[in-house]
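Please have the sequence and the three-dimensional view open, and follow along as I move from one part to the next.

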Amino acid sequence: MIAKRQVADLRGETTLRTNIHLRLAIPGDIPVLQALIDVSVRGLQAQDYTPAQIEGALKTVFGVDTQLIADGTYLVAEAVPNRMESDEPKNDGAASLIVGCGGWSKRKTLFGGDRWKNREDELLDPLRDAAKIRAFFIHPAWARQGIGGMILEACEGAALAAGFTRYEMGATLTGAKLFGVKGYVAVKPISIPLMNGEVLPVIHMEKRVSGAPLDSDTRGFRRV
Ligand SMILES: CC(C)(COP(=O)(O)OP(=O)(O)OC[C@H]1O[C@@H](n2cnc3c(N)ncnc32)[C@H](O)[C@@H]1OP(=O)(O)O)[C@@H](O)C(=O)NCCC(=O)NCCS
């Protein structure tokens, strides 16, 4: 995928386009992911939640879910600068940058990172249960460029390949704006009690698969 972002170089003569690649998250990504989650929540949820709710949620429920990484169902989106579109000698030294993450789960937990107390690690039955769409966080500088939707499509494809025909999540009010345009419907409101006494309203959302299987599949993403 070529992201919408285009960055002019210093001379303004050439354009640096940025490729977004998805790969499976690995344990070594965890410190970067934790920092990404913090900056994503503080930057992008500010329109939907108060500072007290955001800080309480970061301490209570948002964070890396290492079970998803262990299961091979958590993806990171990396921005990899392309070569400059000029006839200059190419410099391929630019490092990739994790700009987003998100996953799906075959386990019962609906939402919450490792620090969330109400976890249910039992496996779901694809024939009866909905796969969980989990823990989407995009860096604010990379929001509204289709990266969340890209990760979602890959997760839905992988869950479908694993036999699930329904998806559900506990969506933040921020996330509901993405999931709503991707066919998810609100099932019921959920109130998450936070350790600072605040309450975080989220929305239980669901989507049913219709039509042919999707092509994308996180089983096709390599571990690095
Ligand atoms: C929710 C989140 C993952 C969306 O990621 P994203 O990469 O910005 O989403 P996309 O660019 O794929 O958005 C696709 C479409 O969804 C809708 N959408 C997404 N974010 C929106 C917003 N803040 N306001 C209105 N519409 C929005 C738009 O229709 C958008 O298309 P457009 O940009 O062409 O109008 C991101 O805002 C985020 O990380 N939020 C903070 C953490 C969080 O709350 N995560 C959700 C946990 S359930």
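Let me begin with a term: a residue is called buried if 20 or more other C-beta atoms lie within 10 Å of its own, exposed if 12 or fewer do, and partly exposed in between. Ala46, in the loop between H1 and H2, has 13 other C-beta atoms within 10 Å, and is therefore partly exposed. Please keep in mind throughout that this is a predicted model.

Now to the overall layout. The protein chain contains five helices and eight strands, and, read along the sequence, they follow the pattern β-β-α-α-α-β-β-β-α-β-α-β-β. Of the 224 residues in the chain, 37% are buried. If we take the contacts between residues at least 6 apart in sequence, 74% of them join residues at least 24 apart.

Let us turn to helix H1, residues 30-44. Why does its length agree with what we expect of a helix? At 1.5 Å a residue, its 15 residues should span 21 Å, and the C-alpha atoms at its ends are 20 Å apart, which agrees. Within H1, the residues Leu33, Leu36, Ser40 and Val41 are buried. These cover an arc of only 125° around the axis, and so they sit on the same side of H1. Pro31 and Ala35, on the other side of H1, are exposed. As for what the buried side meets, the buried residues of H1 pack against helix H2 (51-60), strand E4 (97-105) and strand E5 (131-138).

Helix H4, residues 147-161, has 15 residues as well, and from its first C-alpha to its last it reaches 21 Å, close to the 21 Å expected at 1.5 Å a residue. Here eleven of the 15 residues are buried, so H4 is largely enclosed by the rest of the structure. Among those buried residues are Ile147, Met150, Ile151, Cys155 and Glu156. Just after H4 comes Gly163, which takes a positive phi of about 105°.

Which residues have the most contacts inside the largest nonpolar core? That core has 53 residues, and the ones with the most contacts inside it are Leu75, Ala77, Cys101, Ile151 and Cys155. H4 gives the most to this core, with nine residues. Leaving aside residues up to four places away in sequence, Ala77 touches Ile20, Leu22, Val99, Gly100, Cys101, Ile147, Met150 and Ile151. As a general remark, nonpolar side chains tend to be buried together in soluble globular proteins.

Next, the ligand. It is surrounded by 22 residues, and the closest of these are Gly148, Gly149, Thr172, Thr174 and Gly175. The shell around the ligand draws at least two residues from each of H1, E5, H4, strand E6 (166-171) and helix H5 (173-181), and H5 supplies the largest share, five residues. Sorted by kind, the shell holds eleven nonpolar, nine polar and two charged residues.

In H5, the residues Gly175, Leu178 and Phe179 are buried. Seen down the axis of the helix, they fall within an arc of 95°, so they line one face of H5. The buried residues of H5 pack against E5, H4, E6 and strand E8 (199-208). After H5 we find Gly183, with a positive phi near 95°.

I will finish with two backbone angles. Most residues other than glycine have a negative phi. Ala135, however, has a positive phi of about 55° although it is not a glycine, and Arg144 likewise has a positive phi, of about 60°. Are these two residues buried or exposed? Ala135, in strand E5, is buried, with 23 other C-beta atoms within 10 Å. Arg144, which lies in the loop between E5 and H4, has 11 C-beta neighbours inside 10 Å, and so it counts as exposed.

Technical notes. Residues numbered from 1 in each chain as written. Predicted model: local features only at pLDDT ≥ 70, side-chain atom pairs only at ≥ 80, totals over all residues. Helix = DSSP H or I, 4+ residues; strand = E, 2+ residues; numbered from the N terminus. Expected span 1.5 Å × (residues − 1). Arc of directions from axis to C-beta. Contact = placed C-beta atoms within 7 Å. Near = placed C-beta within 6 Å. Nonpolar A, V, L, I, M, F, W, Y, C, P; charged D, E, K, R; others polar. Core = buried A, V, L, I, M, F, W, Y, C linked by C-beta atoms within 7 Å.
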